[in-house]
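This briefing goes through selected side-chain interactions and packing. The entries below are grouped by topic.

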Amino acid sequence: ESASGTAISGKNNFFGIKAGANESGTSKGTWEEANGQAYNTSARFKNFESPQDSVNELVSRWHQDYQGYSGVNNSASASDAAHSLREQGYATDSKYATKLIDIMRRNGY
């Protein structure tokens, strides 16, 4: 998500987590995809007090059941988890799961 920590999206935000309306955030240029079309836009990414706070939020939202999302911990495999993240709206990139699976394979997972 952050190019090995070199492209964080907000203060201590290593996972591209977007800020809610009442949360501290940093506006940053990004690209999104909708209806098969990629486009450049600006988005507010959540600021965290520490890197650990960023990790904690990622875990609570995506690795556990959270507000209607089925945690990736319910997936049968890492590949299924990658597809689950995409299907549940973690990323707008239609190729997100494929890219994540490729990264896992290159790193021996």
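How many salt bridges does the count come to? The model is a predicted one, and the count comes to 5 salt bridges.

- Glutamate 57 and lysine 46 form a salt bridge through their side chains, with an N to O distance of 2.6 Å.
- Glutamate 57 belongs to helix 1 (residues 51-63) and lysine 46 to strand 2 (residues 37-46), so the pair ties together parts that are 11 residues apart in sequence.
- Both partners are buried: glutamate 57 and lysine 46.
- A network of salt bridges links Glu57 and Lys46 with Glu23.

- Lysine 99 and aspartate 93 meet side chain to side chain in a salt bridge, at 2.6 Å from N to O.
- Lysine 99 counts as partly exposed because its relative accessibility is 42%, whereas aspartate 93, at 11%, counts as buried.
- Aspartate 102 forms a salt bridge with arginine 106, and the closest N and O atoms are 3.4 Å apart.
- Aspartate 102 and arginine 106 are 4 residues apart in helix 3, so about one helical turn separates them.
- Aspartate 102 has a relative accessibility of 39% and therefore counts as partly exposed, while arginine 106 is exposed, with a relative accessible area of 59%.

**Glutamate 32**

- Glutamate 32 is a residue of strand 1 (residues 25-34).
- Its relative accessibility is 9%, so glutamate 32 counts as buried.
- The side chain of glutamate 32 makes a polar contact of 2.6 Å with the side chain of lysine 18.
- Leaving aside residues up to four places away in sequence, glutamate 32 touches Lys18, Gln37, Ala38, Tyr39, Thr41 and Thr92.

- Tyr96, Ala97, Ile101 and Met104 are buried in helix 3 (residues 96-106).
- Viewed down the helix axis, the buried residues of helix 3 fall within an arc of 125°, so they line one face of the helix.
- An α-helix has 3.6 residues a turn, so residues three or four places apart point the same way.
- Exposed residues Thr98 and Arg106 sit on the face of helix 3 that is turned away from its buried side.
- Helix 2 (78-87) is included in what covers the buried residues of helix 3.

**Nonpolar core**

- The largest nonpolar core has 11 residues in all: Phe15, Ile17, Phe48, Leu58, Trp62, Val72, Ala81, Leu85, Tyr90, Ala91 and Tyr96.
- Helix 1 and helix 2 are the elements that give two or more residues to this core.
- Nonpolar side chains in soluble globular proteins tend to be buried together.
- One of the core residues is Leu85; not counting residues up to four places away in sequence, leucine 85 touches Trp62, Val72, Tyr90, Ala91, Tyr96 and Leu100.
- Tyr96 is listed in this core and is also among the buried residues of helix 3.

Key. Residues numbered from 1 in each chain as written. Predicted model: local features only at pLDDT ≥ 70, side-chain atom pairs only at ≥ 80, totals over all residues. Heavy atoms only, no water. Buried < 20%, exposed > 50% of the residue type's maximum accessible area, 1.4 Å probe, protein only. Polar contact = N/O pair within 3.5 Å; in protein donor to acceptor, adjacent residues only side chain to side chain. Contact = heavy atoms within 4.5 Å. Arc of directions from axis to C-beta. Salt bridge = Lys/Arg side-chain N within 4 Å of Asp/Glu carboxyl O. Core = buried A, V, L, I, M, F, W, Y, C linked by side-chain atoms within 4.5 Å.
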